Amino acid sequence: MLAKNLLELRKLHKLSQEELADRIGVSRQTLSKYETGESLPDIERCKAIADVLGVSIDDLVNYSPENNMGMGVPPRGKHIFGMVKVGDKGQIVIPSKARKIFHIKPGDNLILLGDEEAGIAIIKEEGILEMLHKNE
């Protein structure tokens, strides 16, 4: 997965092998071997690559588009949790990974926001209160 993700992200950022190699401190040939899977970068090099490309090390190494509706690696701090179905009464189940990352527990109050062009967003009650107090 690392090789495929690296190649996709480098192209997404419109970097040549030479440019990315220079930014992470390796030769173009070494970067080419990373992209073909002929060799693997060490953890420090993975961190450098992830930093330059704006993704997490975990997503750089493990992200699988097949498990995420065919979408590419998201930028650091952004997530694709998959698809949910709306139930008969409009309910959805928030995926466990999302609940874990955003510390959502049973009984938490969530605020549903909407923009007719951008879509729907869900934010924890504490999050909106913090945002409101920052703007005072």
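A residue counts as buried under 20% relative accessible area, as exposed over 50%, and as partly exposed in between. F81 has a relative accessibility of 27%, so it counts as partly exposed. The model is a predicted one.

F81 sits in the loop between α5 (57-62) and α6 (96-101). Its ring has a partner. The aromatic pair count is 1. That pair is F81 with F102: the ring centres are 6.2 Å apart and the planes stand at 75 degrees, so the geometry is edge-to-face, the class for planes over 60 degrees apart. F102 belongs to the loop between α6 and β1 (110-115). The two phenylalanines are 21 residues apart, and their pairing links distant parts of the chain. F102 has 42% relative accessibility, so F102 too falls in the partly exposed class.

Strand β2, residues 119-124, gives the most to the lining, with 6 residues. By class, the lining holds 16 nonpolar residues, 4 polar ones and 2 charged ones.

N5 is placed in helix α1, which spans residues 2-12. Is N5 buried or exposed? Its relative accessibility is 1%, so N5 is buried, well within the cut-off of under 20%. Beyond residues up to four places away in sequence, N5 touches D59, L60, V61, N62, Y63 and V73.

N62 lies in helix α5. At 43% relative accessibility, N62 counts as partly exposed, whereas N5 counts as buried. Setting aside neighbours within four places in sequence, N62 is in contact with M1 and N5. N62 and L2 are 60 residues apart along the chain, yet their C-alpha atoms are separated by 6.7 Å. N62 also has a polar contact through its side chain. The partner is the side chain of D58, at 2.6 Å.

Helix α2 is the next stop. Q17 is found there. What is the burial class of Q17? With 18% relative accessibility, Q17 is buried, because the class takes in values under 20%. A polar contact of 3.1 Å joins the side chain of Q17 to that of R28.

The last stop is S27. Where does S27 lie? S27 is in the loop between α2 (17-24) and α3 (28-36). Its relative accessible area is 33%, so S27 is partly exposed. S27 and L112 are 85 residues apart along the chain, and their C-alpha atoms are separated by 49 Å.

Note on methods
Residues numbered from 1 in each chain as written. Predicted model: local features only at pLDDT ≥ 70, side-chain atom pairs only at ≥ 80, totals over all residues. Heavy atoms only, no water. Helix = DSSP H or I, 4+ residues; strand = E, 2+ residues; numbered from the N terminus. Nonpolar A, V, L, I, M, F, W, Y, C, P; charged D, E, K, R; others polar. Buried < 20%, exposed > 50% of the residue type's maximum accessible area, 1.4 Å probe, protein only. Phe/Tyr/Trp six-rings, centres within 6.5 Å; stacked < 30°, edge-to-face > 60°. Contact = heavy atoms within 4.5 Å. Polar contact = N/O pair within 3.5 Å; in protein donor to acceptor, adjacent residues only side chain to side chain.
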